[in-house]
Amino acid sequence: MNTVRDQLPLPEDLRVFLTVIRKQSFAGAADELGLSPAYVSKRIQVLEGVLQTRLLHRTTRRIALTDDGERTQRWAVRILGDLDDLFDELSQARLTPRGQLHISSSFGFGRNHVAPAISALAERYPELEIRLEVFDRVVDIVAEGFDLEIRVGDDLPGQHISKRLVTNRRVLCASADYLARRGTPTSLEDLQQHDCLVLKERNNAFGVWQLARNGKAQSVRVSGPLSSNNGEIVLQWALNDRGILLRSMWDVKPLLEQGKLVQVLPDYSESANVWAVYPTRLSSSAKLRVCVEFLAEHFRQLSL
């Protein structure tokens, strides 16, 4: 029947033991290790006690290994070598990105912006195995097994680490035909007289837009006949002349430049920065670190 020992040899005691053998003296080993000869002798005694055997024959002239000492020497070399290999492998793993990476993001931003970035990341680091999942709901990244979430908006979870990848804002816009038919708002209060395309996204308050001008925030309650939990649907309604929407500049900038949408109340906007959210520090994972750094650089190049 196998039994579990109460104690196992300490790697440091094995190292002291091998040094004593190599230097053929306790004093020489102590000098090399920066320890006292008495402490070196004590560590050998502890090692012999743990192994329950005598390892060395001590005389006034020399130190010789017992039979068990020779066996222990072979194992000590092997054990310490394996430990060194372990640390080398872990150190290399922190430097070289490889393995699985599980990423989540919101549906629209994930599909339109994160997915192309992940494709470029995979090309640069072919040893990564990346899985991207998109949701229009709050994600518990730890409970659901994600390494990283790419999140739009500044409502960040306090229990995780967050790094801003790029600044972003949401702006008010509508089609020129809608504004010609219903008029152009000149104040936030005017929005209450318009058909606003309301998006219920994640845990944001439904029908409340948080807008700021010159650093001063103001809430406005809006409503309209059309609402959805999907941002791309709401954007399509705006293009179909159905009302005013609040949408990320990432999504509407090309449409504004093409004249398909017109910005409304341009002095107002809502902060909607792009963040990387993760449960562990970047220094502990090469794959996570290079992913976050790559995404930050990728989005900076596309910065609005």
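**Leucine 282**

I started with leucine 282, which I found in the loop between strand 15 and helix 9. This is a predicted model, so I read every value here as computed from it. Is leucine 282 buried or exposed? I get a relative accessible area of 18%, and because the cut-off for buried is under 20%, leucine 282 counts as buried. Leaving out residues up to four places away in sequence, I listed what leucine 282 touches: Leu288, Arg289 and Val292. I also checked leucine 282 against glutamate 293: they are 11 residues apart in sequence, and their C-alpha atoms lie 9.7 Å apart in space.

**The largest nonpolar core**

From there I turned to the core. The largest nonpolar core has 26 residues. Which of them touch the most other members? I noted Leu148, Ile150, Leu165, Val274, Leu295 and Phe299. Next I looked up the elements that give two or more residues to this core: strand 3 (99–106), strand 5 (148–152), strand 6 (161–166) and strand 15 (274–278), along with helix 5 (107–124) and helix 9 (286–301). Helix 9 gives the most, with seven residues.

**Helix 1**

Helix 1 covers residues 11–23, which is 13 residues. From first C-alpha to last, helix 1 reaches 18 Å, close to the 18 Å expected at 1.5 Å a residue. Which residues of helix 1 are buried? My list is Asp13, Leu14, Val16, Phe17, Leu18, Thr19, Val20 and Ile21.

**The whole chain**

Last, I zoomed out. I counted nine helices and 15 strands in the protein chain. The radius of gyration is 32 Å, well over the 19 Å that the globule rule gives for 304 residues, so the chain is more spread out than a compact globule. Along its principal axes, the C-alpha trace spans about 105 × 45 × 35 Å.

How much of the chain is buried? Buried residues make up 41% of the 304. For contacts between residues at least 6 apart in sequence, I get 73% joining residues at least 24 apart. The chain exposes about 17,000 Å², and carbon and sulfur atoms supply 48% of that area.

Conventions:
Residues are numbered from 1 along each chain as its sequence is written. This is a predicted model: local features need pLDDT of at least 70, side-chain atom pairs count only at pLDDT 80 or more; totals for chains, interfaces and linings use all residues. Side-chain values use heavy atoms; hydrogens and water are left out. Helices (H or I, at least four residues) and strands (E, at least two) are DSSP runs, numbered from the N terminus. The expected span of a helix is 1.5 Å times one less than its number of residues. Buried means under 20% relative accessible area, exposed over 50%, partly exposed in between (1.4 Å probe, protein chains only). A nonpolar core is a set of buried Ala, Val, Leu, Ile, Met, Phe, Trp, Tyr and Cys residues joined through side-chain atoms within 4.5 Å. Contact means heavy atoms within 4.5 Å. The radius of gyration is taken over C-alpha atoms; the globule rule is 2.2 Å times the number of residues to the power 0.38. Accessible areas come from the Shrake-Rupley method with a 1.4 Å probe; for residues, only the protein chains shown count as cover.
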